[in-house]
Amino acid sequence: MTSPSIFTRILNGDIPGEILLDTDRVFAIRDINPQAPLHALVIPKTEQFRDVTELADGDPALLAEIIAAAKQLADEHANGEYRLIFNNGASAGQSVFHVHAHVLGNIEEGDLVGL
Ligand code: AMP
């Protein structure tokens, strides 16, 4: 992966993006290509982990922080309910190899997306 990742560059203000949440170890941005009324990406500040498998193995507490952030976003920007997606590997749809969770909320009935 090229470093810094596109997500780190947004966090640092080097390229534009809407930051929705910023804590000691994680941040969230609005996805540029939203698949639901709420479509955020929750990202650890470290670029150490390329996918959720590595993250769960290397720092499970950080994975729990990502899930807590997803819930906070759903409370603040949706009705508290959310869909959480991690793509793992290019053939599974992953395009940025700095682990991130897609958080989708306010999904219209019958409109579940395949990200
Ligand atoms: P994935 O395909 O799971 O790796 O997800 C990468 C996500 O990053 C996609 O949903 C893209 O729409 C999103 N994305 C790419 N570039 C940007 C950007 N500059 N700002 C916000 N989201 C982006």
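**The ligand and its surroundings**

By class, the shell around the ligand consists of 7 nonpolar, 7 polar and 2 charged residues. The model described here is a predicted one. Of the 16 residues around the ligand, those that come nearest are Asp 31, Asn 87, Gly 93, Ser 95 and His 102.

Three of these residues may be considered through their side chains. In Asp 31, an N or O atom of the side chain is 2.5 Å from an oxygen atom of the ligand. For Asn 87, a polar side-chain atom lies 2.8 Å from an oxygen atom of the ligand. The side chain of His 102 likewise has an N or O atom 2.8 Å from a ligand oxygen atom. Taken alone, the ligand exposes 500 Å², and the protein buries 84% of that area.

Helix H1, spanning 6–11, and strand S2, spanning 26–30, each supply at least two residues of the shell around the ligand. Helix H1 gives the most, with 3 residues.

Side chains of opposite charge can pair when their charged atoms come close. The structure holds 5 salt bridges. One of them joins Arg 30 to Glu 18, with the closest N and O atoms 2.9 Å apart. This pair links distant parts of the chain, 12 residues apart: Arg 30 belongs to strand S2, whereas Glu 18 lies in the loop between H1 and strand S1 (19–22).

Definitions and conventions
Residues are numbered from 1 along each chain as its sequence is written. This is a predicted model: local features need pLDDT of at least 70, side-chain atom pairs count only at pLDDT 80 or more; totals for chains, interfaces and linings use all residues. Side-chain values use heavy atoms; hydrogens and water are left out. A residue is near a molecule or strand if one of its heavy atoms lies within 4 Å of it. A polar contact is a pair of N or O atoms within 3.5 Å; within protein, one must be able to donate a hydrogen and the other to accept it, and residues adjacent in sequence count only if both atoms are side-chain atoms. Accessible areas come from the Shrake-Rupley method with a 1.4 Å probe; for residues, only the protein chains shown count as cover. Helices (H or I, at least four residues) and strands (E, at least two) are DSSP runs, numbered from the N terminus. Ala, Val, Leu, Ile, Met, Phe, Trp, Tyr, Cys and Pro count as nonpolar, Asp, Glu, Lys and Arg as charged, and the others, Gly among them, as polar. A salt bridge is a side-chain nitrogen of Lys or Arg within 4 Å of a carboxyl oxygen of Asp or Glu.
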